[in-house]
Each structure stands twice: as C-alpha cells, then as structure tokens.
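User: I have a structure open and have not looked at it before. Can we walk through it?

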Amino acid sequence: MQFTVTDDDTALALGSGDIPVLGTPRLIAWLEAATVAEAAPRLGPGQTTVGAAVRVRHRRPTPVGGTVDVFASLITEGDRLTFDVSAVDGDGHYVADGEIDRVVVDRAAFGSAS
C-alpha cells in the first residue's frame, strides 16, 4: 500500500508533535491497514481481526508530499496473528519497522460486547 503525506497526516495536525512531518499515529494507522489487508484472506466467514499490540519504531521523518509504502508480513498464525511491518519512503529509506499483533474474533460477538 502506498500513501502520500498530506498536511492532515503531520504530527502538527495530529497533535503528536509540532513539526509538519508524517505523524507517528498516522504511520501506525497505515501499518495497521496493511495488517488488516494481509489478514483478510486467512479469515473464515463472520471473522474479523482487532488490534492487540503495536511495537513500531518510527525511524525517519517524511515531509508533506513524500510517499510511504507500507508492508505487512504474517509471522505467526492462530487466533493471534503477528505481523512484521515496515514502511519505506520514496527514496528507499526505512521510515519504520516493528511488529503488530491482531486477534481473530467473531464479528457478531465482538460487535455486541459491552
């Protein structure tokens, strides 16, 4: 998945800093989107996944207008899925790396939990 950093994606806009570069919360959301897409073909009818843990190192700033490719690769299967995640900018530099865990749940049962 590829994203282009906009003013709305910056640390300044998201309240996670005061510099107009890609904010860590947006980067994590993009990485999570990659894990959702990677998990989808492995799910049965009525199943979905929910985020459980994020361990990500945001290593390099990306300016507004810069592109970021995000990747997710499944490393453990079962009811708890663990993904290696990474992000690379348009110049080929690593922006982030880490792991994200998602848990497989029954969509209907999870949606009614309170």
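User: Start with helix 2. What span should its 16 residues have, and how far apart are its end C-alpha atoms?
Analyst: This is a predicted model. At 1.5 Å a residue, helix 2 should span 22 Å, and its end C-alpha atoms are 22 Å apart, so the two values agree.

User: Where does helix 2 lie?
Analyst: Helix 2, residues 24-39, lies across strand 1, strand 2, strand 3, strand 4 and strand 5. It runs at about 50 degrees to strand 3.

User: Which residues of helix 2 are buried?
Analyst: Leu27, Trp30, Leu31, Ala34, Thr35 and Ala39 are buried.

User: And what do the buried residues of helix 2 pack against?
Analyst: They pack against strand 1, strand 2, strand 3, strand 4 and strand 5.

User: Let me step back. How many helices and strands are there in the protein chain?
Analyst: The protein chain has three helices and five strands. Along the sequence they follow the pattern β-α-α-β-β-β-β-α.

User: What is the order of the strands in the sheet?
Analyst: The sheet is open, with five strands in the order 1-3-4-5-2 and antiparallel pairing.

User: Which strands stand at the edges?
Analyst: Strand 1 and strand 2 (47-58) do. Each has a single partner strand, so one side of each is left without a neighbour in the sheet. From one strand to the next, the twist averages 25 degrees.

User: Take the pairs in turn. How many bridges join strand 1 and strand 3?
Analyst: Strand 1 and strand 3 pair in the antiparallel sense over three bridges. In this pair, Phe3 stands opposite Val68 of strand 3.

User: What about strand 3 and strand 4, how many bridges there?
Analyst: Strand 3 (residues 67-76) and strand 4 (residues 80-89) are antiparallel and pair over eight bridges. Ala72 faces Val85 of strand 4 across the pair, and Asp69 stands opposite Val88.

User: Which residue takes a positive phi in the hairpin of strand 3 and strand 4?
Analyst: Gly78 does, with a phi near 130 degrees. That hairpin has three residues between the strands.

User: And strand 4 with strand 5, how many bridges?
Analyst: Nine bridges, again in the antiparallel sense. Arg80 stands opposite Val103 in strand 5. The hairpin of strand 4 and strand 5 has four residues between the strands, and Gly92 takes a positive phi near 85 degrees there.

User: Is strand 4 mostly covered or mostly open?
Analyst: Strand 4 is mostly covered, with eight of its 10 residues buried.

User: What are the spans of the C-alpha trace?
Analyst: Along its principal axes it spans about 40 × 30 × 20 Å. As for contacts with a separation of 6 or more, 58% come from residues 24 or more positions apart.

User: Last topic, confidence. What pLDDT does the protein chain average?
Analyst: It averages 94, and 96% of the residues score at least 70.

User: Which element has the lowest mean pLDDT?
Analyst: Helix 3 (residues 107-111) has the lowest, at 81, while strand 1 (residues 2-4) has the highest, at 98.

Conventions. Residues numbered from 1 in each chain as written. Predicted model: local features only at pLDDT ≥ 70, side-chain atom pairs only at ≥ 80, totals over all residues. Heavy atoms only, no water. pLDDT = per-residue confidence, 0-100. Helix = DSSP H or I, 4+ residues; strand = E, 2+ residues; numbered from the N terminus. Pairing = 2+ DSSP bridges. Axes fitted to C-alpha atoms, helices over the stretch in contact; angles between N-to-C directions. Contact = heavy atoms within 4.5 Å. Expected span 1.5 Å × (residues − 1). Buried < 20%, exposed > 50% of the residue type's maximum accessible area, 1.4 Å probe, protein only.
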